[in-house]
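Subject: Structure handover

Hello,

Here is the structure for you to look at. Please open it first, then read my notes below.

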Amino acid sequence: MNNGIFDSMLSRHDLTTVQHKRNAIFEVNQQIILAGLYAGGFFESAAFYGGTCLRIFHGLQRFSEDLDFSLLAQDENFDFTKYFPAIVDAFTMVGREVEINKKDKKNFSNVESAFLKDNTDVYDITFQSEKSIKIKIEVDTCPPLNFNTEQKLLLQPHSFMTRCFTLPDLFAGKMHALVYRAWKNRVKGRDWYDFEWYVRHNISLNFAHLAERCRQFNNEDITPESFKSKLFERLATADIKQVKADVLPFIRNPKELDIWSNDYFIQLAEMLRLK
């Protein structure tokens, strides 16, 4: 067993505070999971998307805990458990022991289940050495299609490729979440933070994938005009204090949020480019 690899990966991160170290341990473990999935052949039939993908591969300055995956084609009989040994092996290589369990959706809280489809399987990976660290994996086995993927390279714990959604498709998934996410009276400020990132980086949004998500999740046919109308309404009416409060624990520099207001986000939305 070689703990040196794990410690070396950890040393690349900011460890100055307890929260920073916790975030770094999460990210190192996430990368080891991706390495295990690559070794097991998972990315031949699935792709990585969501906020953690954006942070690991595109430098988003926001911490994200979960790993979200989509199959490349719908397969309700897909068995993620066959990749468990490859994940366990990847951790064994760095001197870590893990346990992987499929979650029972009957035990989900309302918040957890509010944006989760019936055909998304959820797994928890827990660590014997860090009891407080738990990484949730979601695999959509009947995903909305009309997305493109690309191979992205990671060098730790060894060189490997991860199949990821392209940026316009990642953006589409994020905007669907921002507009439609049902969190009762709460808003998920992390969606807003990511929205700002995409606009600032001049990423266009793949409308075909967004429309497919709306059809499957919401049974709704949208046009660019109807989507923008919903987006502007969401941005104009949200409680910005709640938006900021949600994202604060996940970012390093709170001053980034000083400019945030409903009007700020409306002006961002006016810069949104669809493709």
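First, a term: pLDDT is the predictor's confidence in each residue, from 0 to 100. The model is predicted, so local features need pLDDT of at least 70 and side-chain atom pairs count only at pLDDT 80 or more, while totals for chains, interfaces and linings use all residues. Residues are numbered from 1 along each chain as its sequence is written, and side-chain values use heavy atoms, with hydrogens and water left out.

The protein has a mean pLDDT of 91. In 92% of its residues the value is 70 or more. Residues 109–114 have pLDDT below 50. Beyond near neighbours in sequence, this stretch makes seven contacts in the model (contact: heavy atoms within 4.5 Å). Where pLDDT is low, the predicted coordinates should not be read in detail.

Now the overall build. The protein has 11 helices and seven strands. These are DSSP runs, numbered from the N terminus: helices are H or I with at least four residues, strands are E with at least two. The radius of gyration is 19 Å, which agrees with the value near 19 Å for a compact globule of 275 residues. (It is taken over C-alpha atoms; the globule rule is 2.2 Å times the number of residues to the power 0.38.)

Next, helix packing. Axes are lines fitted to C-alpha atoms, for helices over the stretch in contact, and angles run from 0 to 180 degrees between N-to-C directions.

Helix α7 (residues 189–200) packs with α11 (residues 262–270) at about 45 degrees, axes 10 Å apart. That makes α7 oblique to α11. (Under 35 degrees is roughly parallel, over 145 roughly antiparallel, 65 to 115 roughly perpendicular, the rest oblique.) From α7, the contact includes Trp192 and Phe195; from α11, it includes Tyr264 and Leu268.

How does α7 lie to α10 (residues 240–247), and at what angle do they pack? The angle is about 90 degrees, with axes 7 Å apart. That makes α7 roughly perpendicular to α10. Gly189, Arg190, Trp192 and Tyr193 in α7 meet Ile240, Val243, Asp246 and Val247 in α10.

Last, two backbone details. A cis peptide bond joins glutamine 156 and proline 157, with omega about 5 degrees. Proline 157 sits in the loop between β6 (149–154) and β7 (160–165). Asparagine 146 is not a glycine, yet has a positive phi of about 65 degrees. Asparagine 146 lies in the loop between β5 (134–140) and β6.

Best wishes
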